[in-house]
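I opened this notebook to get my bearings in a structure I had not looked at before.

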Amino acid sequence: MIVSLSLTSLFAQEQRGKASYYSRKATGSRTSSGERLHHDSLTCAHRTYPFGTLLRVTNLSNGKEVVVRVTDRGPFIRGRIIDLSWGAAKKLDMLAQGIATVEVARVTDITVPLRNTDTLVVPEIEFDFSYLNYEHMESWGKANVERKIERIKKGKRKIIKKKVKK
């Protein structure tokens, strides 16, 4: 009997279990993905989800939820399913307990809040630069070009001398 499982079916399921969080002292340390950890970021560590996956974590004791991004591997303590950043734990209101029972689900649809286009007023901008005086820039540009040409010529002479010596 051949059983095939797709990754979408494995990652589509919700998980319930214990969550812990990183200490604020962990700020600046590297995660498994190579990013630096910051205590205010909304990131997490998960054993199986790919890096960059967005997860919705819901604290089952108070109903608060937060969306976090997977940047690290772990937790490696039996019974825990996710390690949250300090900022995510604060939003879930679990700092005092240290460990909370949570539900973790993959976020598949994200709606970015947009401003209503009816209320958007774009100011009129005039691009008139006729008042600028470019006379001084011409002489400055010529002098710089001449200096650069001289430096390049000097550099070529040195390279030619080195080639001759070898």
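The entries below record what I looked up, in that order.

Entry 1, ground rules. I noted that this is a predicted model, in which local features need pLDDT of at least 70 and side-chain atom pairs count only at pLDDT 80 or more, while totals for chains, interfaces and linings use all residues. Residues are numbered from 1 along each chain as its sequence is written, and side-chain values use heavy atoms, with hydrogens and water left out.

I found three helices and six strands in the chain, where helices (H or I, at least four residues) and strands (E, at least two) are DSSP runs numbered from the N terminus. Read along the sequence, their pattern is α-β-β-β-β-β-α-β-α. Of the 166 residues, 25% are buried, a word I use for under 20% relative accessible area, with exposed meaning over 50% and partly exposed in between (1.4 Å probe, protein chains only). The accessible surface of the chain is about 13100 Å², and carbon and sulfur atoms account for 55% of that surface; such areas come from the Shrake-Rupley method with a 1.4 Å probe, and for residues only the protein chains shown count as cover. I also looked at contacts (heavy atoms within 4.5 Å): among those between residues at least 6 apart in sequence, 72% join residues at least 24 apart.

I followed a closed barrel of six strands in the order β1-β5-β2-β4-β3-β6, with mixed pairing; two strands pair if DSSP finds at least two bridges between them. The twist from one strand to the next averages 45°, with axes being lines fitted to C-alpha atoms and angles running from 0 to 180 degrees between N-to-C directions. Strand β1 (residues 15-21) is joined to β5 (residues 80-84) by four bridges and runs parallel to it, and here K18 stands opposite R80. With β6 (residues 100-106), β1 pairs in the antiparallel sense over five bridges, and G17 has V102 of β6 as its bridge partner. Strand β3 also pairs with β6 in the antiparallel sense, over five bridges, and N59 stands opposite V102.

Is T53 buried or exposed? T53, in the loop between β2 (43-45) and β3 (54-59), is buried, with a relative accessible area of 6%. Leaving aside residues up to four places away in sequence, I saw that T53 touches V68, R69, V70 and R106. A polar atom of the T53 side chain lies 2.7 Å from the backbone oxygen of P50.

Methods:
Polar contact = N/O pair within 3.5 Å; in protein donor to acceptor, adjacent residues only side chain to side chain.
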